Amino acid sequence: MHYEGDIIRPPSEIDSILLQVTTGCPHNRCTFCGAYQDKSFRIKDDAVIEADILWAAERLRGMRRLFLCDGDCLSLPQARLVRLLQSIRTHLPWVTRVGTYGSAMSVGRKSDAELAELRGLGLSFVYMGVESGDDEVLRRVNKHVTAAQLIEQARRVSAAGMKLNVSVIVGLGGVEGSMRHARETGRVLSAMSPDFIGVLSLMLLPDTLLHEQCRRGEFAMPDAQGLLRELREMLSATDIRSGIFLTNHASNHLPMRVRLPKDKAAALERLDAAIDGYVPIKSEWMRAL
């Protein structure tokens, strides 16, 4: 495989073929994110991508999932995505699930017919970075999208028949905006009704704008107990008919897999016990991105 730089994938794609289609992220302005600082956004040459597909066809026959890397491959022009998915179907016919990151901005550039076309060609799983449902937080972290737009585009992904996994970040509202961020994020998640919700806890990364804002006293990071209280408020405000609420990311203090709505009450009780000190939480040195 012709990989360039570090390859970032969701935790659930650990057993997937990782096919790098782009380098970097087309937005790459979020104040908290250091994932793609060393890469400019670029779509890789078709010949390189095709060579990697053929390499996988020879060596990775036992792997039934494939993930398109790097950030936001849905931003590719429709014709190139169509050719890519057709090649995957031709050369890797045993692959049963193709996933990708897809921002609300890139989804919004696709028509309903185009999304349906991609689903028909095998794109079945989209990961969308929501981060917050609070418009003020979204503005401050330079997401360049509103909560209403996030809801609209998430619903369009689901309407096209794709599974939707959204990520949110506990702590992104800071100490002052913690509960508002939690409640508004729960409201937006409820309106989206995604199949999976992946929760991360904020970790301030050097060389990011948010880290610098914290250093200057312009942003106050919640402590572990504050993050747990925020997580509880977010889960409490999330009301969906069916879905999985996951806190298994390495950044979180309390890993959980919550089937909604079935396990919600028990998960809230567990969070209460952790907040009160009766359930141990992960030490800071064990947290990672």
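The axes of helices α9 and α10 come within 10 Å and cross at roughly 165 degrees, where axes are lines fitted to C-alpha atoms, for helices over the stretch in contact, and angles run from 0 to 180 degrees between N-to-C directions. That angle makes α9 roughly antiparallel to α10; angles over 145 degrees count as roughly antiparallel, those under 35 as roughly parallel, 65 to 115 as roughly perpendicular and the rest as oblique. In this left-handed crossing, Q225, L228, R229, L231, R232, L235 and S236 of α9 meet K264, A267, L268, L271, D272, A274 and I275 of α10, contact being defined as heavy atoms within 4.5 Å. By class, the residues of this contact are 8 nonpolar, 2 polar and 4 charged. Here Ala, Val, Leu, Ile, Met, Phe, Trp, Tyr, Cys and Pro count as nonpolar, Asp, Glu, Lys and Arg as charged, and the others, Gly among them, as polar. A crossing is called left-handed if the near helix is turned anticlockwise from the far one by less than a right angle, and right-handed if clockwise.

The model is predicted: local features need pLDDT of at least 70, side-chain atom pairs count only at pLDDT 80 or more, and totals for chains, interfaces and linings use all residues. Residues are numbered from 1 along each chain as its sequence is written, and side-chain values use heavy atoms, with hydrogens and water left out.

The chain as a whole contains 10 helices and 10 strands; these are DSSP runs, helices being H or I of at least four residues and strands E of at least two, numbered from the N terminus. With 289 residues, a compact globule would have a radius of gyration near 19 Å, and the chain agrees, with 19 Å. That radius is taken over C-alpha atoms, and the globule rule is 2.2 Å times the number of residues to the power 0.38. Along the principal axes, the C-alpha atoms fill a box of roughly 55 × 45 × 35 Å. An unreviewed UniProt entry carries the annotation "domain: Radical SAM core" for residues 9-239. This span is 42% helix and 18% strand, and its end C-alpha atoms lie 27 Å apart.

Helix α9 (residues 224-237) also packs against α7 (residues 178-192), at an angle of about 30 degrees and with the axes 7 Å apart. The two helices are therefore roughly parallel to each other, and their crossing is right-handed.

D46, I49, E50, I53, L54 and A57 of α1 make the contact with R80, R83, L84, S87, I88 and H91 of α2. This contact has 6 nonpolar, 2 polar and 4 charged residues.

Several loops have backbone features of their own. The peptide bond from C69 to D70 is cis, with omega near -5 degrees, and D70 lies in the loop between β4 (65-69) and α2 (78-91). The bond from L260 to P261 is also cis, with omega near 0 degrees; P261 is placed in the loop between β10 (257-260) and α10 (264-275). N142 has a positive phi of about 65 degrees although it is not a glycine, and its place is the loop between α5 (135-140) and α6 (147-159).

Technical notes. UniProt positions renumbered as here; feature names shortened; annotations may be inferred.
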